[in-house]
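I opened this entry to look up how one protein chain is put together. My notes follow in the order I took them.

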Amino acid sequence: MREHPRQEGHADEPLPETWTGRATNRVQWLLAAAGVACIALGVELAVNSAWDSGIAALLMSVIGCVAAGLLMLFGTLAFVHVAVRVEGDSLEVRCGHMGLPRRRILLAHVVDAVFVPKVTPCQWGGWGYRWRPEMGTAVVVRRGEAFVLKMGDGRTFTVTVDDAEAAVRFIRSRLSLPAKPNPAGG
């Protein structure tokens, strides 16, 4: 499913037209299951409770459980995985099963791409689509390797994705930038 650019030193091989990569976080399925459990609790309260014991408190409990469950369920399913596609003159990042949120970045706006060997959700304040004024924007679905795009206007965009180093090489080749040595020493 993933097409990688040629290794350095093979000048006779053409670069592929597309690079795709993904990252998945199976731990977030547990949070989605907790959301389903909250919804089930809300339904259980609504169906099997004695409504004569106080309708306001029971109604608030049912609505609270269902609302919390829906937020947990859909909030986690949106960021269970991320898919990145670099094709033509743009990079597209799609999150979750429906591909939303989606971000498309023109490579003409990118001035550099950098490999980062370790990004954690703690650095960004959790999983998901994140923005921090001092760090920029990120899509963090798991801890591990990522690439950082540096834009011409000074902003940055970070994405955790498998084989981020290959993504950086591919993007840099599209930008006609020289390859950078691996900071991890490899």
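I start with a term: a residue is called buried when its relative accessible area is under 20%. The model is predicted, and I keep that in mind throughout.

Entry 1, a strand. I looked up strand E7, residues 136-140, and found five of its five residues buried, so E7 is largely enclosed by the rest of the structure. Which strands pair with E7? I found strand E6 (residues 128-132) paired with E7 in the antiparallel sense, over five bridges. Three residues lie between E6 and E7, and the two strands form a hairpin. E9 also pairs with E7, here in the parallel sense and over three bridges. I then checked Val139 in both pairings. Tyr129 stands opposite Val139 of E7, and Val159 in E9 stands opposite Val139 as well.

I counted four helices and nine strands in the protein chain. Along the sequence I read the pattern β-α-α-β-β-β-β-α-β-β-β-β-α. The chain has 186 residues, of which 38% are buried.

The largest nonpolar core has 29 residues, and Val84, Leu91, Phe147, Leu149 and Ile171 touch the most other members. Which elements supply at least two residues each to this core? I listed strands E1 (18-24), E2 (81-87), E3 (90-95), E5 (110-119), E8 (144-151) and E9 (156-160), together with helix H4 (164-174). H4 gives the largest share, six residues. Setting aside neighbours within four places in sequence, I found Phe147 in contact with residues including Val84, Leu91, Val114, Phe157, Ala164, Val168 and Ile171. There is also a second, separate core of five residues, with Val119, Trp124, Val140 and Ala146 among them.

Which residues of H4 are buried? I noted Ala164, Ala166, Ala167, Val168, Phe170, Ile171 and Arg172. The cover over the buried residues of H4 includes E1, E2, E3, E5 and E8. After H4 comes Ser176, where I read a positive phi, near 60°.

Methods
Residues numbered from 1 in each chain as written. Predicted model: local features only at pLDDT ≥ 70, side-chain atom pairs only at ≥ 80, totals over all residues. Heavy atoms only, no water. Core = buried A, V, L, I, M, F, W, Y, C linked by side-chain atoms within 4.5 Å. Buried < 20%, exposed > 50% of the residue type's maximum accessible area, 1.4 Å probe, protein only. Contact = heavy atoms within 4.5 Å. Pairing = 2+ DSSP bridges.
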